[in-house]
2 protein chains.
Amino acid sequence: MALIVQKYGGSSVGSIERIERVAQKAIATREAGHDVVVVVSAMKGETDRLMELARGAAQKQNPPPRELDLLLSTGEQATIALLTMVLQRMGHSARCYTGAQVRILTDNAFTKARILDIDAEPIDEDLKVGRIVVVAGFQGVDENGSITTLGRGGSDTTAVALAAALNADECQIYTDVDGVYTTDPRVVPKARRLERITFEEMLELASLGSKVLQIRAVEFAGKYHVPLRVLSTFEEGPGTLITYEDEDMEEPLISGIAFNRDEAKLSILGVPDKPGIAAHILGPVSNANIEVDMIVQNISNEGLTDFTFTVHKNDYEKAMGILEKTAKELGAREVFGDTKIVKLSLVGVGMRSHAGVASTMFSALANEGINIQMISTSEIKISTVIDDKYLELGVRALHSAFGLDAEEGAQVKVEGETVD
Amino acid sequence: MALIVQKYGGSSVGSIERIERVAQKAIATREAGHDVVVVVSAMKGETDRLMELARGAAQKQNPPPRELDLLLSTGEQATIALLTMVLQRMGHSARCYTGAQVRILTDNAFTKARILDIDAEPIDEDLKVGRIVVVAGFQGVDENGSITTLGRGGSDTTAVALAAALNADECQIYTDVDGVYTTDPRVVPKARRLERITFEEMLELASLGSKVLQIRAVEFAGKYHVPLRVLSTFEEGPGTLITYEDEDMEEPLISGIAFNRDEAKLSILGVPDKPGIAAHILGPVSNANIEVDMIVQNISNEGLTDFTFTVHKNDYEKAMGILEKTAKELGAREVFGDTKIVKLSLVGVGMRSHAGVASTMFSALANEGINIQMISTSEIKISTVIDDKYLELGVRALHSAFGLDAEEGAQVKVEGETVD
């Protein structure tokens, strides 16, 4: 008998019929002899409806964050009540809690609060008497009793934090995909579902734009050693287990290929190469609250160096304006940018102990005539920037080159991915 | 400088535009130098939407009450957030509280909880620093932290209870009518708005079917001596003040004429007149959870008596079935019923000290050829049952007979009445 925390997102609870399916899954787990805690998001569309009201109320101003959280938190509050009604109608003892009722104590950073503490005792009591416990995702309460929300992906974070507080055996994240794939199956039809992946790999994949799980929830799970499983609400199957590396674990060279279409590249060329130059270029950018992702500085040539970095496409215009000003100050030769790029990355803990991964990658791309514009590496990841028109070609080439392709005839089904 | 509690119902906050009007009214009161606490209901239509979801979740069963309350309470939670956003956008410091946050402590009778205690301190603090305070109506929290709702008319009750706890100078109930009328203006175009009315009169009017205020809120206000004012959200005007009788108060003979179309009459004739007979007849009716309103027993004639009572029309068939069984047991001569009746009542504290009110009433009805089927009286009320086809005629006759008609040309405007 295990303690399982299950999290269902907005599209999994988007109608009474879907809530009934969630109830059946929770009951099946309970009847298999496990203790079950279910975390749910707001019904699909509800958060949009509430945001629309908030925009009407605040007009051109930003809605005040305390009130916005109070408003948005009604979404999950409604879902937990409805799911508990369905569970009880199906004959199962069940009890539900809002974030404030659990209580999930957070700081008071409204709209993006951090969980500080969870009082697991009332839930433990309920589980002891055989109840299925239903908890509102995405929300908590600060020490003054004001309701807070955890920001995007908050329900995943709630589930993982609850699993940690309850010392659960597994935290199951139900989505509309049936697991984590070697790459996006819409780009590579031969993409394979992974049985297992490490937290580190999942973190890299999440940060590179694979939207199956929110990065915060993965970090949290890694930190508290909560085994995490991603699986489908709509299909049967074991999903993908995200765990710590262990010795029994078969360790493939590469776990997955991620890509990100949302970045743009900016370069400043012919900058005098002297100490502090990177800070001089990037300081004004980060002061403008623009997040910089990849940074590459070439070796100096005749006392001059080139400096390239990527930002989110939404920040491109703003970053370019700042960079042009910096270029004048520094007497740089030239500034240019490119929004038609894509970032393509290999991720795998296996590459730590295997030489040759990088060269295999670069050769595979070269064989297809794809020019690499930027490279940056970490211990378990190699990222490249290429022309965006080569995205599909590049992903497929790498997928084959690293032996990730599924057997002929393996079926892959993916609906639109969502995180909430 | 006074402390004013204002309550706005669902149609007053039915859209962002209407919420803006509510905000303007609250701000105007604040800018006139008063402390303001605003109690709001769920947006019109929202409670129906949530009930629809609950019915879907519970299917043919009744939704479990704890979860139903948790679900329904999201309605007012959304309204307080939106109203506070609008107040802040309009430049006013404002803060909002759910019932649990205030906290409004209730018993745990979900869907019809009673308020036990209110912690007024946080609201006092907000008022001290000039904030407009917004509180969710209709909801509270029990001692286990479960959210409760107060049942029909609960927002009125919240407002009155808050006014009592805060020792407010006035509790203003904003509705879509501009006050309490001498009778229903849709029946008598010459009906007049009352400047003042006593709690006792208002209670009688409310219990007789005038739906301006919920009877529980009036009782509560009377008990805690909270001056209550009914006025319109949509028009300017002083409304009607509901107070304790005081010596300065002009005391009209009759304050109003109420009627109720929802009752049906049942009679059992030729019953042996012996002690305990009333209990024998009414016991089985009340055991079936049927509420009995008027009860009349005629004097005994040759050891036999006739017994008549009224129930809500919805309970008529059930009550008739019970009465037929009782009649057999008692050897009664005959049982009959009538659903085509209406109850017509005069209300006025003045009638205490004035003889002749009853005879004036009966003459006025007789002059129009209206037969009186039942009569029952209390200290400040005389109720009659008449054939329902005479309703309008009877009300107008009484309205004139007691000098209640408005001056020629006085304007009366009434939209549909709502209570929530």
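Residues are numbered from 1 along each chain as its sequence is written, and chains are lettered from A and ligands numbered from 1 in the order in which they are written. In this predicted model, local features need pLDDT of at least 70 and side-chain atom pairs count only at pLDDT 80 or more, while totals for chains, interfaces and linings use all residues.

**Chain A as a whole**

Select chain A. Its C-alpha trace spans about 75 × 55 × 35 Å along the principal axes. Chain A has twelve helices and 20 strands; helices (H or I, at least four residues) and strands (E, at least two) are DSSP runs, numbered from the N terminus. Of its 420 residues, 48% count as buried, where buried means that 20 or more other C-beta atoms, placed from the backbone, lie within 10 Å of the residue's own.

**The A–B interface**

Next, show both chains. In contact across the interface are 28 residues of chain A and 28 residues of chain B (contact: C-beta atoms, placed from the backbone, within 7 Å). On the chain A side, helix 1 (16–31), helix 2 (46–58) and helix 3 (65–89) each give two or more residues. Helix 3 of chain A gives the most, with 13 residues. By type, the chain A side divides into 17 nonpolar, nine polar and two charged residues (Ala, Val, Leu, Ile, Met, Phe, Trp, Tyr, Cys and Pro count as nonpolar, Asp, Glu, Lys and Arg as charged, and the others, Gly among them, as polar).

**Helix 3 of chain B**

Select Gly75(B), in helix 3 (residues 65–89) of chain B. Gly75(B) is buried because 27 other C-beta atoms lie within 10 Å. Leaving out residues up to four places away in sequence, Gly75(B) touches Ala42(B), Met43(B), Glu46(B), Thr47(B) and Leu50(B).

**The eight-stranded sheet of chain B**

Now colour the open sheet of eight strands in chain B, which has the order 3-6-2-1-9-11-12-10 and mixed pairing. Two strands pair if DSSP finds at least two bridges between them. Its edge strands are strand 3 (94–97) and strand 10 (196–198) of chain B, each pairing on one side only. Strand 10 of chain B runs parallel to strand 12 (residues 240–243) of chain B, joined by three bridges. Along that pairing, Ile197(B) stands opposite Ile242(B).

**Leu162(A)**

Return to chain A and select Leu162(A). Not counting residues up to four places away in sequence, Leu162(A) touches Val5(A), Val37(A), Val39(A), Ile118(A) and Val135(A).

**Strands 14, 15 and 16 of chain A**

Finish at strand 16 (residues 304–312) of chain A, which pairs antiparallel with strand 14 (residues 263–272) of chain A over eight bridges. There, Ile268(A) stands opposite Phe307(A). Strand 15 (residues 292–297) of chain A also pairs antiparallel with strand 16 of chain A, over four bridges, and Ile295(A) stands opposite Phe309(A). Strands 15 and 16 of chain A form a hairpin with six residues between them. In the turn, select Glu302(A), with a positive phi of about 55°.

Note on methods:
Contact = placed C-beta atoms within 7 Å. Buried ≥ 20, exposed ≤ 12 C-beta atoms within 10 Å, placed from the backbone.
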